[in-house]
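Dear colleague,

I am passing on a structure that you have not worked with before, and below it I have set out what was found in it.

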Amino acid sequence: MEVQDFYGKIRQLRLSAHRLVEGLYSGNYRSVFRGPGLEFDEVREYDPKDDARFIDWNVSSRLGSPYTKKFREERELSLQILVDVSPSLDSGTLEVNKREVVNILFANLVFAAIASEDRVGAVFFSDRIEQWVRPRKGKTHALSLIHDCLALRPEGRGSNLALALRSGHEALSRRGIVVILSDFKSSNFWRDLSLVARRHDVIAIRVHDQIDAEFPESGFVELVDPENGYALSAYGSSPQFRKQYHDFWALHRLHWKRECLRRGVRILEVGTQDDPAAKLLEYFNRRGRVP
Amino acid sequence: MWTFSDPAYLLLLLTIPFLVFFRHFWKGRGSRLVLPLTLWEGQRFATKNPYLSFLNFLSASFFWLSLTLILFALAGPSLTRQKKIFLNSGTDVMIVLDESPSMGARDFPPQSRFEAAKVVIERFIKSLQNDPVGLVTFGQDAVLNVPLTTDYRFFQTDLRKRKLMELGDGTALGMGIAVAAEHLRTANGQNKVMIVLTDGDNNAGEIQPGTAVGLLPSLGIHYYLVGIGTPGKVPLEVTDPTSGLTYFGTLEGGFHENYLKSLANPPYGVYFSANSSGSLDSIFQSIDSREMVAHRVKLQVLNVPLYQDFVPLALGFLTLFLLVRKVFLKELL
């Protein structure tokens, strides 16, 4: 991909993120990602340099001289995004495939975090950790993150979500937010998810395509899995086959949903037919109303 | 015999296993749709459809079969046959067989004279090649059963159908010789031979054996008189084909050797006496060596190309393959 292309793409992503940031102006992003906020620390004598707004009038009247409230500085919030770059995301039936949806979601989240002065980092994973970026602040950092995301050529052929969760967990020294962008076609990660969810705020964003749920009514075709080369003959005109296919993935989705909710992980599903930015905005606004 | 005009093309058959491997078993083979089917290191979506697998296998077999047939056709298969062509006509042999009741005498236990004669004639016929052979039988009258022919199978089936007393209760030896002579006369073989198998009686017919035999040298016919039987008392068993009754009895003096000897006229006519089936065999062997002319034979090699059979067959299988794949299975890629 040409560098020019990247800038074009990044500009596009920024525009879509702009909508999200504007939409979140009322503070929904913050309330969804509950940072510790301003915390009352102690009361001390008022100094003329202090802001008069923070004078604690109750204490002042009781003690006869002005006292001001001192706040502990707000701890910075860290956002760690786990991005699945495995080949299973490359398939899709629409002009936008799952990988592009992931990229848009990623950029939106990065810009939203930067707009609210948070630190943001990323873990790109396939069957290994392809790249890891430490959480940092700033627009430059955001742009470089997005550039990394677009320019990454994954070498692995799998989705080791468990490893990514462990890495994300280790990278966040303090309590933070973990966002998982994946199709969740992985296994053996529930234990690690439990560990991460115990300490951090976790949002699982499942990116899907309609072919991940329903096999189209078609004919005979040989299928091959992009990750492990597992091959299967599919008979698209057989209702029995389509039902088995539907059941398999419906069960997988139900299982994913139930297991996430059990661990207090919030979930969001974004299909390739959806507008990812709109989905995010709607999600944050909805979450914002419910504390 | 199978031959190939361009057998080098058969070497291409060796590539078929590789092609099968690359089409059906190789990991990086194409014409497949990439679709996530598994959870990484977890469950995989699996389904079994024996009907589908069978059709898939069947159609693939059709395709490879068709390819194999086309390669065979390319190699130019042909069927090579050698055909013998006789350049000269052989010896005309007319066999005259006695069907009178006295031939039912059991001189050749357990066979009767008649049965022994039939067995030996059959064996004789088998040694012939391109020699026309005919059959005349006589009883009360004489009849041409098989005109001179090289269709030995027809001769054999007809000979097996012959029964004693078919032509009535009598022995028209002279008539038999005359009928055979008449048919040999018009034949155009190099050599004309008449073999008469009888026990030597003549009690019916308009022509005396002596008269008939007298005609033969002038017609260029060599004749062999084979006297079947032994003098003395012989048990007799005859089934009348019209009434179906079987008669048993003893035959005495039913073998007129001297009369037959008197009919011989060397070198045109020779008399042989056969009193056992072994001697009957040796008589035929000696006739064979005396009379049979050398055959001049040309071998013709016939090459019948067979690719016309292979190509439609291959196309048929290819059509079946496409039919199953595209119509029944509605293959996408």
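This is a predicted model: local features need pLDDT of at least 70, side-chain atom pairs count only at pLDDT 80 or more; totals for chains, interfaces and linings use all residues.

Chain A

The secondary structure of chain A comes to nine helices and ten strands, and of its 291 residues 36% count as buried. If one takes the contacts in chain A with a separation of 6 or more, 76% of them are accounted for by residues 24 or more positions apart.

Helix H4 (residues 98-115) of chain A and helix H5 (residues 139-151) of chain A have axes that come within 10 Å and cross at roughly 170°. Since angles over 145 degrees count as roughly antiparallel, H4(A) and H5(A) are therefore roughly antiparallel to each other. On the side of H4(A), the residues that meet H5(A) are A:Asn103, A:Phe106, A:Ala107, A:Val110, A:Phe111 and A:Ile114, while H5(A) contributes A:Lys139, A:Ala142, A:Leu145, A:Ile146, A:Cys149 and A:Leu150. Sorted by class, this contact of H4(A) with H5(A) has ten nonpolar residues, one polar and one charged.

Where chain A touches chain B

The contact between the two chains takes 33 residues from chain A and 25 residues from chain B. On the side of chain A, the elements that give two or more residues are strand E8 (220-224), strand E9 (231-235) and helix H8 (239-262), and the largest share, five residues, comes from E8(A). By class, that side of chain A has 13 nonpolar, 16 polar and four charged residues.

E8(A) is also joined by two bridges to strand E2 (residues 33-34) of chain B, and these strands run parallel. Within this pairing, A:Val224 stands opposite B:Val34 in E2(B).

Chain B

In chain B, six strands form an open sheet of mixed pairing, in the order E6-E5-E4-E7-E8-E11. Strand E6 (142-149) and strand E11 (269-274) stand at the edges, each with a single partner strand, so one side of each is left without a neighbour in the sheet. With direction ignored, neighbouring strands of this sheet are turned by 15° against each other on average. Strand E4 (residues 91-98) and strand E7 (residues 191-198) of chain B pair in the parallel sense over seven bridges, and B:Thr91 stands opposite B:Asn191 in E7(B).

Among the helices that pack on this sheet is H4 (residues 152-161) of chain B, which touches E5 and E6 of chain B and whose direction makes about 160° with that of E6(B). Helix H6 (residues 209-219) of chain B packs on the sheet as well, touching E7, strand E8 (221-228) and E11 of chain B, and its direction makes about 145° with that of E8(B).

Two backbone angles to look at

Most residues other than glycine have a negative phi. Phi of B:Asn130, however, is near 60°, a positive value; B:Asn130 is found in the loop between helix H3 (113-126) and strand E5 (133-138) of chain B, and is partly exposed, with 17 other C-beta atoms within 10 Å. Phi of B:Lys330 is near 50°, also a positive value; B:Lys330 lies in the segment after helix H9 (307-328) of chain B, and is partly exposed, with 14 other C-beta atoms within 10 Å.

With kind regards

How values were computed. Residues are numbered from 1 along each chain as its sequence is written. Chains are lettered from A and ligands numbered from 1 in the order in which they are written. Axes are lines fitted to C-alpha atoms, for helices over the stretch in contact, and angles run from 0 to 180 degrees between N-to-C directions. Helices (H or I, at least four residues) and strands (E, at least two) are DSSP runs, numbered from the N terminus. Angles under 35 degrees count as roughly parallel, over 145 as roughly antiparallel, 65 to 115 as roughly perpendicular and the rest as oblique. Two residues are in contact if their C-beta atoms, placed from the backbone, lie within 7 Å. Ala, Val, Leu, Ile, Met, Phe, Trp, Tyr, Cys and Pro count as nonpolar, Asp, Glu, Lys and Arg as charged, and the others, Gly among them, as polar. Two strands pair if DSSP finds at least two bridges between them. A residue is buried if 20 or more other C-beta atoms lie within 10 Å of its own, exposed if 12 or fewer, and partly exposed in between; C-beta atoms are placed from the backbone.
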